[in-house]
Amino acid sequence: MVFLLLESSASLALSAFLVVFLRRLAVPLRLIDLPDHRKIHEGAIPLCGGIAIFLSFAGITLFGSPMSLGPGFWMAVVLIIGLGIADDRFALPARARFLAQVLIALALILTEGLEQLALGDLLPTEAIGGAVGLFILSTTFIVGLVNAWNMLDGVDGLAGGSAAATLIWIVLLALHLGEEGLVYPVTMLVAAIGGFLIFNARSPWCAKASVYLGDAGSTTLGAVIAYLILRLSDGAEGVPFPILLWLVVVPVVDTLSLMVRRLLDHRSPMSADRRHLHHLLIDAGLSPAAASYTIIAVSFLCGGVGYLGVMAGLPASVMTVGLVFVVFGHTGFVLSVEASARHRLHRIARPSINLNL
């Protein structure tokens, strides 16, 4: 335990140091985020937080426990963070980025053997196409979570804080399931995220973020969390996948909701807008910091439900029913806030219409 604490402190300190160091290189490397009609912030913000996190995580983890994660994992991390850096620098076309993510997900699954998802009593594997269906489900989950975490990164501290909340439950599940090989690296990753959040999450000593994750950071966090969940759900003895979905239900449901609403508006599901959950909470009256911490808290509570479900040995079917209620709750909130916004716009527009008459 003392060793784990010391290594965690080293990971946090190294991450914070790398954030400070890389911020100075961000402008000459043109890894910066400029404000526009969707991004409301002051000045050019460095997009080096994710690079700092994963350099710290890799350095500490490979030095302390090199065999706990397979070579396929490290290959995928290098590829996804490289893709993210290229996107931060050059704004890659959406289709090219998506295709690359699919190929990286396929490589990760094949090299790490993550295609044997456990579904518990929810339904037989034959109902989704057997091994092929599980392979497609695993690939879809990785690519989906990569993009879900990228979409989550819209308010200071949100993507990093939500990732830390999820990873804490993954550490506890790994301890419970006897997956000691995951405890050390995941703890190091949580600590590395903590070093980044010092400069990104709003707090009494940080009025606003001075560094962002960038696509390199948010997409890689999504990929790593997807990998860890698939690993815990691998094989006949793995934790049923529907139960582990509780750990990431908030970003997953918000992303699916966004895509459905965009399709209903006859727009691309990958198009940008300000209809994310954090935007709606801000529209409902919360400050950006309050919106971020609210979503992090809800994510942590949902992860706790998943953890308790595993501890209690609840069937996957029961836990899946619970997920449906989360979907209903999210949908009700979204519809309520958007209806209220339309009503306010209508009230503002009415005087101008009467005046023209």
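Mentor: The radius of gyration is taken over C-alpha atoms, and the globule rule is 2.2 Å times the number of residues to the power 0.38. This model is predicted: local features need pLDDT of at least 70, side-chain atom pairs count only at pLDDT 80 or more, and totals for chains, interfaces and linings use all residues. Residues are numbered from 1 along each chain as its sequence is written, and side-chain values use heavy atoms, leaving out hydrogens and water.

Trainee: What radius of gyration does the protein have?

Mentor: The protein has 21 Å, which agrees with the value near 21 Å of a compact globule with 357 residues.

Trainee: How is an aromatic pair described?

Mentor: A pair of aromatic rings is described by the distance of the centres and the angle of the planes. Rings of Phe, Tyr and Trp (its six-membered ring) pair if their centres lie within 6.5 Å; planes under 30 degrees apart count as stacked, over 60 as edge-to-face and the rest as tilted. The structure holds 10 aromatic pairs. One of them, Phe54 with Phe57, is edge-to-face, at 6.1 Å centre to centre and 85° between the planes.

Trainee: Where do Phe54 and Phe57 lie in helix 2?

Mentor: Helices are DSSP runs (H or I, at least four residues), numbered from the N terminus. In helix 2 (residues 49-64), Phe54 and Phe57 are three residues apart and so separated by about one helical turn.

Trainee: Is Phe54 buried or exposed?

Mentor: Buried means under 20% relative accessible area, exposed over 50%, and partly exposed in between (1.4 Å probe, protein chains only). Phe54 is buried at 5%, and Phe57 is buried at 2%.

Notes. Helices (H or I, at least four residues) and strands (E, at least two) are DSSP runs, numbered from the N terminus.
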